[in-house]
Amino acid sequence: MVVQSKHFLTTVPSLVTDSLQGLCVLNPNLAFDAANKGVVHLANQDRSKVALLCGGGSGHEPSHSAFVGQGILTAAVCGSVFASPSASQVHRAIELIDNDKGYKWFLASIIVVKLIVVGDDVAVGRAQGNIVGRRGLAGVCLVYKIAGALAEQGSSLDEVYHIAQYVSSRLGTIGVGLEHCHVPGTAVQDNHLRVDELEVGLGIHNESGVRRVSPVPPLNELIPSLLEMITSTTDPDRSYLPFEHNGNDRVVVLVNNLGGLSELELGVVVHETKRALDKQGITVQRVLAGTFMTSLNMPGFSLTLLLLPSTSDKNSPSVDLLLSLLDKPVNAPGWKWSSKIEPLPVPNVSESLTATTNPLGARAGMLKAPDVGSFNAAIKRACEALIDAEQDITKMDSVAGDGDCGLTLKGGATGVLKALREGNINGEDVVGSMIAISKVAEEAMGGTSGALYSIFFSALAQSLMHTQSNVTSPEIWSRALQSALDRLYSYTRARPPSRTLVDPLAAFVETLSTSNVVLAAEAAKDAAEKTRDLEAKAGRSAYVEGERLKAERVPDPGAWGVRVVIAALLLNE
């Protein structure tokens, strides 16, 4: 798997200071200490309250600089990418936040004056971390959120220290990535993960993890195994947290984007994490999710559990207190919204996208195919051909569109195959089969092409429904296809030649009305090929720079999909 090694920046040496100055533009309540470069602090600090200073290397944004604000951090001192700040920068930051009550300094995982080690990484076992200790990961964000809320309400330095120390002792974090990140200004490393591989236990400074897993498991298998590393009490090397596993354990969950994960994927991680904890009998009291502590552009995530006090913890802060501190509002751009109530249990949702019974039920006088077996085999061939063509179509669409056409068509083909196996598509009921295909296109494909396929097959079913025969014939198909195409034209302005799926579809339908099916298929093939040299008038290609399309002669991916379907349907003709 190739590391994303291109970056938007002015110069590599000025990257950190340029970014911090941008943060101060975003949040006018911050001040940037230009003389010491990497220090940002509250411009109008309330010096009657405990101040919190956090520091570490850059590249983990929004940690720590974007968490400077009312109710959380007072200042942050930032080194170069993945490098600690200098002693002079730290000294200057301490001077800037001097106050009447004292201050705390978080250096990745350390508080100066009263020492607290926030080492929440469970990937590093006791034997391996005996000397250096465990790494501080995203769990530190929960520590300084709770500590910041205490400081904001006027608590003493000792009060802030003791609760922060307790919270740090109840954290466990595990990270996983599909690839390492790239540090701007450095050569691209060659120790990439394979395309079918992920790594468990990576550090946030590009350190390798504890193991690699191949093939990449689905999240409903991966998440439980990651949580087991945090919640296990039987591993003498890694059992850090005193889970009781008696149905009374309560946690706060932090799902952290390591920098390169899409919000779409992150939502699935949240879902599977909650579901896995429900199965373990662990009650989730709060869920926080988003980008908290990154490793530049690493495509991965980390899971953090804060184990809340049990009823037997007599000297611990109360659960209500910790949750109320976590729920306190902050005025910092980096802190993500979270609900202040306990999440609901994850419902069991059926995974089926298609009807489990025949869409029309048993009907008198159903229209049949002349050869039911051949009809079913042709549908199967067309679906398998689309699935096989997915990579080629996706490659075309990455140039000529938005890159999703191959997967869209593959999703539809997979849904049709499922309906075929379940008997919802069958040559015994051609009309019902067309309705079933329309339904799959609507539910499993999505996008504009899914809507067009759904409209076309629905109109095809309506036309076939009105035939007087009980068996299909070339003439019946020709009339029905022309009627469906006319209906499709009422929903789209695309007309051939338009560099869309309409081009080969119209060529097939119109040729079939005056000739045979073999010549119609040839016409569809030619129309798809000609899209290589057409100017886009509709579809996603209309937004792509025209000269590039002409230079690369990429056919329209939607048109190519129609060509693949028609060729496979008529393979034995």
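Lining the largest cavity are L137, A138, T173, G175, L202, G203, I204, N256, L258, M293, M298 and S302, where a cavity is a set of points on a 1 Å grid over the protein atoms alone at which a 1.4 Å probe fits but cannot get out, and lining residues have an atom within 4 Å of a point. This is a predicted model, so local features need pLDDT of at least 70 and side-chain atom pairs count only at pLDDT 80 or more, while totals for chains, interfaces and linings use all residues. Residues are numbered from 1 along each chain as its sequence is written, and side-chain values use heavy atoms, leaving out hydrogens and water.

That cavity has a volume of about 60 Å³, taken as the space filled by probe spheres set on the points. Its lining splits into seven nonpolar residues, five polar and no charged, with Gly counted as polar. Three cavities of 30 Å³ or more turn up by this rule.

On to helix α10. Its 17 residues, 405-421, reach 24 Å from first C-alpha to last, close to the 24 Å expected at 1.5 Å a residue, that is, 1.5 Å times one less than the number of residues. Helices here are DSSP runs of H or I with at least four residues, numbered from the N terminus. Buried residues (under 20% relative accessible area, 1.4 Å probe, protein chains only) of α10 include C405, L409, V416 and L420. The buried residues of α10 pack against α8, α9, α11, α12 and α17, contact meaning heavy atoms within 4.5 Å. Just after α10, G423 takes a positive phi of about 85 degrees.

Conventions: 1 Å grid on protein atoms, 1.4 Å probe; cavity = no way out; pocket = protein on both sides within 12 Å on 5 of 7 lines; lining within 4 Å. Helix = DSSP H or I, 4+ residues; strand = E, 2+ residues; numbered from the N terminus. Buried < 20%, exposed > 50% of the residue type's maximum accessible area, 1.4 Å probe, protein only.
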